[in-house]
Amino acid sequence: MEQKRFVGIDLGKRTYEIKFIHSNGKVTGTNGLTSPKGRKELYKKLNQTDRVAIEVCSLAMVMVKEIRKEVGCEVVLLNPSQIALIYRSVKKNDKEDALKLARLVQKFSNEELPSVELPSEHEENLRQILTVKHDRTKEINRMHAIFLESGITEITKKDLDNNNNRKECVKMLNGLFLLQAERNIKKLELIEKQIEEVEGLLDKEIEGDRNIEKLEEIPGVGKQLASAFVAFLGDGSRFPNVGAIGAATGLVPRLDMSSTICRLGHITKCGNRNLRSLLILAAWSHVRSKGSGALREKYLYMTQVQSKGKKIAIVAVARKLAELMYTLLKTGTSYENRPSTSISQLAVEALSKAS
């Protein structure tokens, strides 16, 4: 009978380090390549009774599927940003990281570890489709930067949103700036053709998805945000409580603790950057709509009563919006426009002052 081993695999771009903790406490290890051939050699070293730990990354997602299919052993995906809170070590190299992962699955159960669930096929499809749409924003930002570098500050990103406008705007450039802008235009034309195809794929993928339909009931939440939320956060079942959503989206402040000092900093920006951007955009749309209820009141209260900056207030609203989306999916309820009784009167007063 095979003895249970605890295994830690530290992945690099081209190589891996693996450590085994045997039932008698002995520690062994080896390394190899992360190529398809190298991974097959790795799987031959694993037993069905092993408990394996890997930190989350793109390659880890692929390997977890392969290990479960070819070996059939238990694999735990761990959140690297939270591992340091559990296991502190001054040593930092691939061998030590692999051993650290092995010791974590030896000492802790799944409930105690910062584990991450593998996305479903539906969620994975949504992620791949949505990636193309975000490439367009990046190229527009790059093109806008070209105008700023050339000293032309009157051109805005909105001016570059349309292909015909772009071609008119680049006439203001010359030399290398013009060549760079023309290359960007060609890239954007290709990306926008891909987006037309992607829109069809996205509509087909989300057809009949009740979770996405439920999220779209919220004012300011469109197809793209609803799809991104489900793609990267799922149906809410992988999170223990609503407070975990703020951390998962990176919309909670950093905690700076040193000696007797304890202060809050900027948001952590953990999680998917594109989802976070969509949440902030939706928050702006939400507070400007008539059916926004308590979240609009919160924004008005922070800006008009507490004299907070608009950007700070909208990030807080974006976090609450993400928590609202989680709650609807978790409980299966539909969106209702409910004012907040605690700040309703103050918000109304602020609204009357603002108008």
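**Cysteines.** I looked up Cys73 to start with: its relative accessible area is 4%, so I put it down as buried (buried is under 20% relative accessible area, exposed over 50%, partly exposed in between, with a 1.4 Å probe and protein chains only). Cys57 I noted as partly exposed, because its relative accessibility is 31%. Then I checked for disulfides, taken as a pair of cysteine sulfur atoms within 2.5 Å, and the count came to zero.

**Ground rules.** I'm working from a predicted model, where local features need pLDDT of at least 70 and side-chain atom pairs count only at pLDDT 80 or more, while totals for chains, interfaces and linings use all residues. Residues are numbered from 1 along each chain as its sequence is written, and side-chain values use heavy atoms, leaving out hydrogens and water.

**Helix H7.** Next I went to H7, residues 175-206; helices are DSSP runs of H or I with at least four residues, strands are runs of E with at least two, and both are numbered from the N terminus. Its 32 residues should span 46 Å at 1.5 Å a residue, and the end C-alpha atoms are 46 Å apart, so the two agree (expected span is 1.5 Å times one less than the number of residues). Among its buried residues I listed Asn184, Leu188, Ile195 and Leu202. The buried residues pack against helices H5, H6, H8 and H9. Just after H7, I found Gly208 with a positive phi of about 80°.

**Leu324.** I placed Leu324 in helix H13, residues 310-331, and it's partly exposed because its relative accessibility is 23%. Leaving aside residues up to four places away in sequence, Leu324 touches Ile218, Leu295 and Tyr335 (contact means heavy atoms within 4.5 Å). Val242 is 82 residues from Leu324 in sequence, yet their C-alpha atoms are 8.5 Å apart.
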